[in-house]
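Here is a structure to get to know through its terms. Each answer sets a value against a definition and concludes.

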Amino acid sequence: MLVTQVLYLSAENVVMASGFCEDCNRLLKEFIARLRTFCREFEQKIRDIFRELCRCTCFRIKPERSSQESPSVHLVYDDETQLLNQGSLQALSRLATSENPDLQMTAAMYYLHLSHHLNSPLPDAFMEPVMALLLSTDLDVQKTICLSLVNLLVKNNACKELVIEMGMLVPILESFKSGDATAQCHSCACVTMLASSESNMEAIMVDGIIPLLALAKSYDPLVQQNATWALLHLAQSDWSTRILCQAGAIPVLVLLLQSSDSEVQFYSCTALCNIAAVQEHHPKLLSIGGHFLLKSLLTLMSSSVQKNSAQACRCLQTLSKNVLIQEQLMELDCVLPLKALLKTSSPESAITLLSTLSAHPPNNDILVSEGLLDEIGQLLHHHRSSSVIITHSCKIIADLCSSCVGQQAVMESPCLSGLLWALLSPALSDETMLHVTLHLHQLMTWDPLKSKLSATITSEQVSRLVKLSEQIQNPDLPYNSAAILSKLEITGEMVQLLRPHYVTMLDYLLVFLQKKDVKFQQLAIVTVFNLKKDGDFSSLLAGSELEIQLRKVHAQTEETRRLLQMIQPLSPSSVNP
C-alpha cells in the first residue's frame, strides 16, 4: 500500500513544513484525518485482491529473481512474521545501501509502514538499514526514515540505547542543518524521544544542545516548537540543567516566553521552572536586565491559555523562594494578576504563589491593602473540596493576621465563614481538616475574631466540631476541634447550639482528662468551666464519670503541690541544668 502511505506522508509533511494560519492548520489536519481513514478503508478493500493476485502463477517471481524481491510485496500483509522475515531484511539492506534514491525511498516507506503497524519491538538486525537510510544524500529519504524512527521510538518498538550505540545521533543532528523544516522537526522529535532514556542523556547533552538552541531561534514556528520541546526533555536533572545554563540556554528560553506560539511558551516556561529549582542558577536567571524574566512571566501569567498561566505561576513560585525575587515581584505589582487568577476555574497555582509571598512579613501590608483577604474568602466559599486551596488559604489568613490591620481585614472579609463552611466538606482529608481547625483555633485567640466566629457559627458546624473532637486517629485534630468549642462565647444562642451535644461532649472530655498529656487535661478543665455557665450542663455533670475524674485530677494535683512544698525552697543550682 505504498500509494496510500505516500499520500498520507505527503499531506502530513505539508502541514509540518508550512507556517499556515490557525484555520488552515485546522482544515489541513482535518484533511489528514479523513485521508488516513480513506487510506485504511481503501487498503482493506484491495488487500484481498492483491493476495489473490500474488498467489497466481502470472505474478510469481521466478526463482532466479527471488533474491531481488522487494519488501514492498509484503505491504499487503499485517502479519509481523511476513513483514519481518529474513527475505525482507536482506532486501531492505540492499535497497538501503543502493545509490538509487528511489530504491532507498522504497526501503524508507517500508519502515514507515512498519512503524504504523508493528505491535512488538523491531529486531535489532532491522536497525542496520535504518542507519544506512539516515546517511542517504536524498533529503526525502532522510525525512521519511526519521519519521519512521520517531514512530518506532514513540511506541517503544525501537531500542533507544541501540540507536545511540549505532551512531545514529550524528546523522539525526546533521539534519538540523538541512534548512528543511520537516526534516528539522522529525530530527528534534527523534532527539526528544532518545532523551527519555537516562543512559542516552550524556551523548545528547554533549552533541545536541548547541544545535537545538540554534533551532529554537528558528523563524518557523513548528521548528521552534519541536526544538523547545526537545530542550525541555533535556532539562530534567540538576546535572543537565547545569550543562544547559553553561551552553547559554537561559537567554534563549526567556525570549521564547514571548513567542506567539502557546506551546513554545509552555515548553520554555516549564524548562525555566526546572532550571529555577536549582538556586545556584538564580543569578543567571536574573542577570537579564530590567527584570525581563519576571516581567515576561507576569505577562504569561495573564495568558488566556490556562496551562501557560498556571506554569508561569509555578515558575514564579519556585523563584520566590529567593527573598530578593519576592521584593522585585511586589515592586512589579504582581498581586493584581494573581487576584485575577484566583477567579478562574483553576486557581491552585496562583494561591500557592500567594502563600509563598505571605510568608514574608514585609509583603503583608501590601497584600492586605490590595484586598487579598476578600478574594481568599470568596475562594473558600466556592472551592470547599479542594485541599490545595483550603490549606494555602488557611496559611495566608494566618500570615496576614499578624497585624491589627490584618485582623480587622479578616473580620470584614468572608474568610471566617469560609473556613467554617470548609468544616462541612466530606471530601477533605484529615490532614486538610487539621489545617482548618488549627487556624480557626489560632484566630480565636484574638477577642474580636472570637466574638465574630461565635456569632457566625451554625448548628451544623458545631455538630461537625463535636464529631471531630471524638476522633482518635490523629490526636491533634480532636484537640484543635475541642479547643475551638472551648473558646465559644456562651450566649443564649450558643447554649441552644451546644445543648444537643452535651452528652457527647461529656464523653470526649472524660477521655481528655484520662490522657497523660497535660494539654488535653487542661483543655478539658477549661471547657467544663466554660460550659458550667449553663445550668443544664451542670446538672448533667453532677455525679457523672467526668466529675469523678475531675476530682481525681484535683486530688492528684493537690498531692503534687504538697510534695513540691516539701522540697521548697529549691536552690538556684538545683534548678539550673
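**Terms put to the test**

Q: Where is the place of asparagine 156?
A: Asparagine 156 sits in the loop between H7 and helix H8 (160-165). Helices here are DSSP runs of H or I with at least four residues, strands are runs of E with at least two, and both are numbered from the N terminus. The model is predicted: local features need pLDDT of at least 70, side-chain atom pairs count only at pLDDT 80 or more, and totals for chains, interfaces and linings use all residues. Residues are numbered from 1 along each chain as its sequence is written, and side-chain values use heavy atoms, without hydrogens and water.

Q: Why is asparagine 156 called exposed?
A: Its relative accessible area is 52%. Exposed means over 50%, buried means under 20%, and partly exposed lies in between (1.4 Å probe, protein chains only). Asparagine 156 is therefore exposed.

Q: What is the phi of asparagine 156?
A: It is near 60°, a positive value in a residue other than glycine. Aspartate 333 also has a positive phi, near 55°. Aspartate 333 lies in the loop between helix H19 (323-331) and helix H20 (335-342). With 56% relative accessibility, aspartate 333 counts as exposed.

Q: What makes the pair of aspartate 180 and lysine 143 a salt bridge?
A: The N to O distance of their side chains is 3.5 Å. A salt bridge needs a side-chain nitrogen of Lys or Arg within 4 Å of a carboxyl oxygen of Asp or Glu, so the pair qualifies. Aspartate 180 is in the loop between helix H9 (169-174) and H10, while lysine 143 is in helix H7 (residues 139-154), so the pair ties together parts that are 37 residues apart in sequence. Lysine 143 is buried, at 11% relative accessible area. Asp140, Lys143 and Asp180 are linked in a network of salt bridges. The whole structure holds 13 salt bridges.

Q: How far apart are arginine 561 and glutamate 558 in helix H35?
A: They are 3 residues apart in H35 (residues 545-566), about one helical turn. An α-helix has 3.6 residues a turn, so residues three or four places apart point the same way. Arginine 561 and glutamate 558 meet in a salt bridge at 2.8 Å, N to O. Arginine 561 counts as partly exposed at 44% relative accessibility, and so does glutamate 558 at 34%.

Q: Why is helix H26 (residues 415-422) called largely enclosed?
A: 7 of its 8 residues are buried, so the rest of the structure largely encloses H26. Among the buried residues are Cys415, Leu416 and Gly418. The cover includes helix H23 (372-382), H24 and helix H25 (404-412).

Q: Is serine 425 buried or exposed?
A: Its relative accessible area is 7%, so serine 425 is buried. Serine 425 lies in the loop between H26 and H27. Leaving aside neighbours within four places in sequence, it is in contact (heavy atoms within 4.5 Å) with Arg384, Ser385 and Met433.

Q: How do you know how helix H17 (residues 292-301) and helix H18 (residues 306-319) cross?
A: Their axes come within 7 Å and cross at roughly 145°. Axes are lines fitted to C-alpha atoms, for helices over the stretch in contact, and angles run from 0 to 180 degrees between N-to-C directions. The contact of H17 with H18 has 11 nonpolar, 2 polar and no charged residues. Nonpolar means Ala, Val, Leu, Ile, Met, Phe, Trp, Tyr, Cys or Pro, charged means Asp, Glu, Lys or Arg, and the others, Gly among them, are polar.

Q: At what angle do helix H10 (residues 181-195) and helix H11 (residues 201-216) pack?
A: The angle is about 150°, with the axes 11 Å apart. Their contact holds 8 nonpolar, 1 polar and no charged residues.

Q: What does the chain look like overall?
A: The protein chain has 36 helices and 0 strands. Of its 577 residues, 50% are buried.
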